[in-house]
Every structure is written in C-alpha cells, then in structure tokens.
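Take a walk through this model, one feature at a time. Keep the viewer open as you read.

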Amino acid sequence: MRYTVITLFPNLVRPWLEESLLKKALERGLIRVEVVDLRAFGLGRHRTVDDTPYGGGAGMVIRPDVAVAALERALPADEVVLLSPAGRPFTQKVAEELAGKEHLVLLAGRYEGFDARVEAFATRILSIGDYVLMGGEVAALAVLEATARLVPGVIGDPQSHREDSFVRGLLDYPQYTRPPEFRGLRVPEVLLSGHHQEVERWRRQEALRRTLALRPELVAHGAEIVARPIDPQRAHLAAAVAAGEEMRRGARRLQRRQGRPHRLYKVDGSGTRALQHPRQRRRARLHRGRVVAQRPRRGLRGGEAGEGR
C-alpha cells in the first residue's frame, strides 16, 4: 500500500515513520510513504503558500493553486483525503475501507486551513475529533497508522486487529498481565483458571459492561434507555437489547447465570415487540419507542411475573 502525505512541515511526519511497526513495514516493503513538502509548490521567490482570507478575518488561508499543484503531482490515487475539523468522523469502519485501497493521498493543512475550493479535488473530508489542532499532520498520521496496521503482515498476529475496540461495535475487554496482584489489585480469577470457555464468556460480558460505562452511545444506537429501578450489576442489560445479536446472546447468558431475569422490551412506532428471556413469552406495553427494563413483580418468580394479568 502506498501513502502520499502533503504537508508544510515534512519533518513532523518523517520521524514518526522511523520507529516501531511502521518502520518495519517500510523496511519489508509492505507499505510505502512519500512525504511531499507543500512549500516546494509555493509562488515567487519566497515560496508563498498562503494569503489573507476574502471578506476579512484572522489568520491565513492556504491558496488553492498551491495545494492543487502539489496534489496533482501525487496523482493518480484511489483516494484523496483532506483532513479538516469540518470533515466526517474518522472511524474504524472508514479505516477498513481505506485499508483496501492501493494509494492514499493525505492533505494536512495549517493556519486557517485550505481554501474551500480545494475540497472539490478531495474524495473524502475526514476529522479525527471535535477539536482543533495546530495542523493536520497529527490527523494524517492517525489515518496512516490506523489503515497501515490493517495491511496484511504489518501486525504479527492477524487475530489482533480482529479483536480491537469498535470492530464488533463494542470497546475491547480489559487486559491484564503479570504480576497477578499489584498494590492490592488482583487479576480476575477467571483469567487465571485456564478455562477457555469461561474466559471467553467473561471477555464478552466485560466488553458489554465497559462499553455501557464509557461509551453508551455505541450500544444504544440512538435508542433511549430507561432502567427502572435496576441492579447496577445488571444495568448493561437494558442497553444490550438494541445492540445486535451478539449482545443479545451475551445478555441472555448473564441472565441465566444471575437468576431472576429482567424483562427487556424494545418498542418501536409500528407496534410492540418483546425481547425477553427465552422462557418468557409476553407482549410489551407501548412506550413511545423506548427501551424499558423492569423487574418481575414482587412475590412472584421470574417465570410467573405478570402471567394472566
């Protein structure tokens, strides 16, 4: 795979390529990276690359003729990616799409950014977050590294990136190594048991729990989550309803292990559909498209709650 990074400060990019896995990938010919100095395409004796903005305002704007001249030197390319805070979010899914290309051109801006007309020459405008940096080099390197690690052979264990955060819509499970106890904090016993099925089950449950605690929007997918009143250890079950088949399986396993199951409902505007424990078969109440978690009624067993009511 080939990359071309266009920047006003090439010495910010080159050192990043001289360490760790990127250096090994370059030495083995798995990827190629060319760093293009935008200043070389500047105008006049002083190689001017920017000018004041039309309409007034603070800062300087990179000229379109300079940027496009550098870009055309790098063509042909499969994708021309302009890094900008105004771009679409750069996600793992986008990284996987770009990793399948042969040649990526990454445009890293400075000052107040590129003249807006440069956007017409880009195939994608991407942002790495809702914040502003002093330049686009960090963003370009983020895209480069996130895609390069998906190229076969760059990472030693090909299974590694298949278990990364976001690949299955969840954060990764927590990782532990030696020593087994550090300052009173112990490694979970299940990881020391040698029971591979139990370890796998624990990892799925911890991925669910961690995602709800740190990034609940990843599992909710826009659904409103209502938990009334619910044990904190089971709080992730309500969110798991809207998160796909893998999450449903994990929630049901946890229900069976912990005893009295919750009744989990997801209701949409077209009608009602109950997503429940496999042994429960009831209809849910209409609740304006929200996900509702309820306990069985007091005094009744989980399998009897609400029967015939």
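At what angle do helix α4 and helix α5 pack, and how far apart are their axes? This is a predicted model, in which local features need pLDDT of at least 70, side-chain atom pairs count only at pLDDT 80 or more, and totals for chains, interfaces and linings use all residues. Residues are numbered from 1 along each chain as its sequence is written, and side-chain values use heavy atoms, with hydrogens and water left out.

Helix α4 (residues 92-99) packs against helix α5 (residues 137-148) at about 70 degrees, and their axes are 8 Å apart. The two are therefore roughly perpendicular to each other. On the α4 side, the contact uses Ala 95, Leu 98 and Ala 99. On the α5 side, Val 143, Ala 146 and Thr 147 take part. Of these residues, 5 are nonpolar, 1 is polar and none is charged.

Some terms need their cut-offs. Axes are lines fitted to C-alpha atoms, for helices over the stretch in contact, and angles run from 0 to 180 degrees between N-to-C directions. Under 35 degrees counts as roughly parallel, over 145 as roughly antiparallel, 65 to 115 as roughly perpendicular, and the rest as oblique. Contact means heavy atoms within 4.5 Å. Helices (H or I, at least four residues) and strands (E, at least two) are DSSP runs, numbered from the N terminus. Ala, Val, Leu, Ile, Met, Phe, Trp, Tyr, Cys and Pro count as nonpolar, Asp, Glu, Lys and Arg as charged, and the others, Gly among them, as polar.

Now turn to the loops. Leu 75 and Pro 76 are joined by a cis peptide bond, with omega about 5 degrees. Pro 76 sits in the loop between α3 (64-74) and β5. Another cis peptide bond links Arg 178 and Pro 179, with omega about 0 degrees. Pro 179 belongs to the loop between α5 and β8 (181-182).

Which backbone angle stands out at Ser 20? Its phi is positive, about 60 degrees, although Ser 20 is not a glycine. Ser 20 lies in helix α2 (residues 20-27). Ser 20 is exposed, with a relative accessible area of 55%. Tyr 111 also has a positive phi, near 55 degrees, and is a residue other than glycine. Tyr 111 is found in the loop between β6 (103-107) and β7. Tyr 111 is partly exposed, at 41% relative accessible area. Here buried means under 20%, exposed over 50%, and partly exposed in between (1.4 Å probe, protein chains only).
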